[in-house]
Amino acid sequence: MAIIELREVTKLYGLGDAMTLALDEVDLSIEEGEFVGIMGPSGSGKSTLMNIIGMLDQPTHGTYKFNDRSVAKLRPMRRAKIRRDHIGFIFQSFNLLPRLTVLENVALPLEYKGVSTRRRIQRASDILERVGLRNREFFYPNQLSGGQAQCVAIARALVNNPKIIIADEPTGNLDSASSRLVMELLAEIHKSGNTVLMVTHNPELTRYATRVVYMHDGSIIHDEKTRLGEVAPLAKRVMYGVPKPSEEDDLAGVSVLMSAVPGADTVEEPVSKSKKTRAKKGKKAAKTRRRKVSS
Amino acid sequence: MSAVLRGNIQMAWASIKSAKWRSGLTIFGVVMAIVPVLTILGIGEGVKRQINEQVQSLGNNLITIRPGVVDTKNPLAQLSNFSGNKNGGTLTYKDYQALQHVQTVDKVVPLSIVPGVITVNDDSFNDATVIASTQDLPELLNRKVQHGDFFEDKQYGRNVAVVGREAAELLFKEGVPLGRSFEFRGQTYVVGGVLQRTNAASLSFTTDLNKAIIIPYHNVRELIGQEPPIYEILANATGDKTVEDTVADIRAVLKREHGGVVDFSVMTHVENLEIANNILGSLTTYVTAVAAIALLVSGISIMNIMLVSVTERTREIGIRKAIGATKPQILEQFMAEAVLLSVTGGVIAIIVSFGIQYALLVTTDLKPMITAEATVLVFLLSVLIGVIFGIVPAAKAARKDPIEALRHE
């Protein structure tokens, strides 16, 4: 059963001439137990998609169903409670509260749930044990390394036994050793049956995913299943067949990696099914892609 | 207490401690606003109790005649009458004599303050109060001579004095200095009696006789060569009519003596003490008004500090919302901090005020009373300040968009 279902989800920001189309009629279904990697250049809408899935934001159009319940009908307090109980967030910059100890940070979602002090301290301690940081319980975030801080953030995300973990570039600020540590932890969480959504720029990290979704200009342009332990096929192609960056690409702000992505390059195989989007892409793509293909 | 509320209080403490100077100054403002109010309430309560005790001990038969007109509509103007026109002004020996013949008056005594220096064994006392009066004074005041005897008018040739308890301690370093002598205006006086302790209420018009040395009125006429100026005449009613009727009779006689001019005031003892209440009430009102302004300023200070705190912690608010905090929970968090600031100020103010009142009790004649009602009122007031001035910053924090907040540096 799809735990997350988005149908023609669109997000617009701003007004009039300053309006930005952050998500363009995105359709996405995520089954329970999947580890979905989300890749795309900056500005492709990855974070917006994560914010909407995580109920931090609401779509301008389209429907979003979480556990087969429409989110649009939920009040803000109800959404906050779902976020608290069913969704765990992991951020690139860890986002631990500096005035609270590691234990207090991890226990915070339980505090909002109204769990007694004794029980939430015990639960937080158990989770920290799971991530291997029980001996740092009474440290403050500024006393931890990057990897440790991210592990604490993961512990906080897990403390309420959420259905879904949303990780927005969890290894973005980490060195390779810490990154591996964090990813192994996420893999373990996935193995335990949790659903994980992870935004990443690093194709190597798709080894941990069972499915990879590629985004560009607010749309999902490619969606492929992948095998655990292997880099996703498209990401591999992009990684090893990387074209040389051109001045035009740099000026256009186009990611070199995405230049080689099929959906980003061709007009004949659009992923979006809507005619409107096809027409829009046709016009836009014709202008943009001709430039890229020539490079 | 819910887990969230307890957690909020702990986090509020942590936040207050992390900005010690800022929090300390804000708390100081609250303390400075509350201390005067609580102290004046304590003083007022003490004075009320003293007044009640005095009324009970002196009875309501006592009538006080003083020079000058008491303006009952302007309580603070009565303060000039409070210190007393003790140089006499418009009361004379003739008034005293005339009152002796009023049928509804039982006894009358004049009171005059005689300036001078008292010398005891080469020690001089400039601030001792020497009062000249007549033999009926103790009876009028419903007081006895505890040791020795009060002088009699027929003994006016003798230089004998009666001292109050505190005067005895001050001059002679003992409580019963019978037979001891002192020099006053070139004359040697012998202590013939010690007056029983009287309950003098602060802010009342009655002289504190515990600190006075009383000498025969008729002696003073000989001493200074003229009638001593009278600052007060005490009288009591016979009981044949009401006290108010006696007051009316006294007024009529004195008006006649003063050529139709009413430049004196005649009051029952109860009226006397009510004036003290009025003065106190006015003082309390003025102090409370000033304190209210100070409280408003301290409340605005709390609001200002909280707005700064909310802005500084925008990102933290975003994180909390991302992990599931609801708007009411964010509101509660910042309200807890504001209320904790004001309540801390309130508690410190209560302690400081208690200290001030105790110091006043030990060092002055005032007897402040610390009441549970006043303390609880002040505590609730401090909570209210925190709630009223914390609601705007807390609401601002609760309304923040989590995505925008997470982007904040």
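Two strands pair if DSSP finds at least two bridges between them, and strands themselves are DSSP runs of E, at least two residues long, while helices are runs of H or I, at least four long, all numbered from the N terminus. Keep that in mind as we walk through this predicted model, where local features need pLDDT of at least 70, side-chain atom pairs count only at pLDDT 80 or more, and totals for chains, interfaces and linings use all residues. Residues are numbered from 1 along each chain as its sequence is written, chains are lettered from A in the order in which they are written, and side-chain values use heavy atoms, with hydrogens and water left out.

Let's start with strand β9 (residues 211-216) of chain A. On one side, it's joined by four bridges to strand β3 (residues 35-39) of chain A, and the two run parallel. Six bridges join β9(A) to strand β10 (residues 219-225) of chain A, this time antiparallel. Look at Val212(A): its bridge partner in β10(A) is Glu224(A), and Val212(A) is also the bridge partner of Gly37(A).

Now for the side chains. Arg211(A), Val213(A) and Met215(A) point one way from β9(A), while Val212(A), Tyr214(A) and His216(A) point the other way. Six of the six residues in β9(A) are buried, so the strand is largely enclosed by the rest of the structure. Buried here means under 20% relative accessible area, with exposed over 50% and partly exposed in between (1.4 Å probe, protein chains only).

Next, the nonpolar cores. A core like this is a set of buried Ala, Val, Leu, Ile, Met, Phe, Trp, Tyr and Cys residues joined through side-chain atoms within 4.5 Å. The largest has 73 residues, and Ile4(A), Leu49(A) and Ile53(A) touch the most other members. Its largest share, nine residues, comes from helix α11 (residues 327-363) of chain B. Apart from this core lies another, of 47 residues, including Val102(A) and Leu133(A).

Finally, how far can you trust what you see? pLDDT is the predictor's confidence in each residue, from 0 to 100. Chain A has a mean pLDDT of 83, and 80% of its residues reach 70 or more. Where pLDDT is low, the predicted coordinates should not be read in detail.
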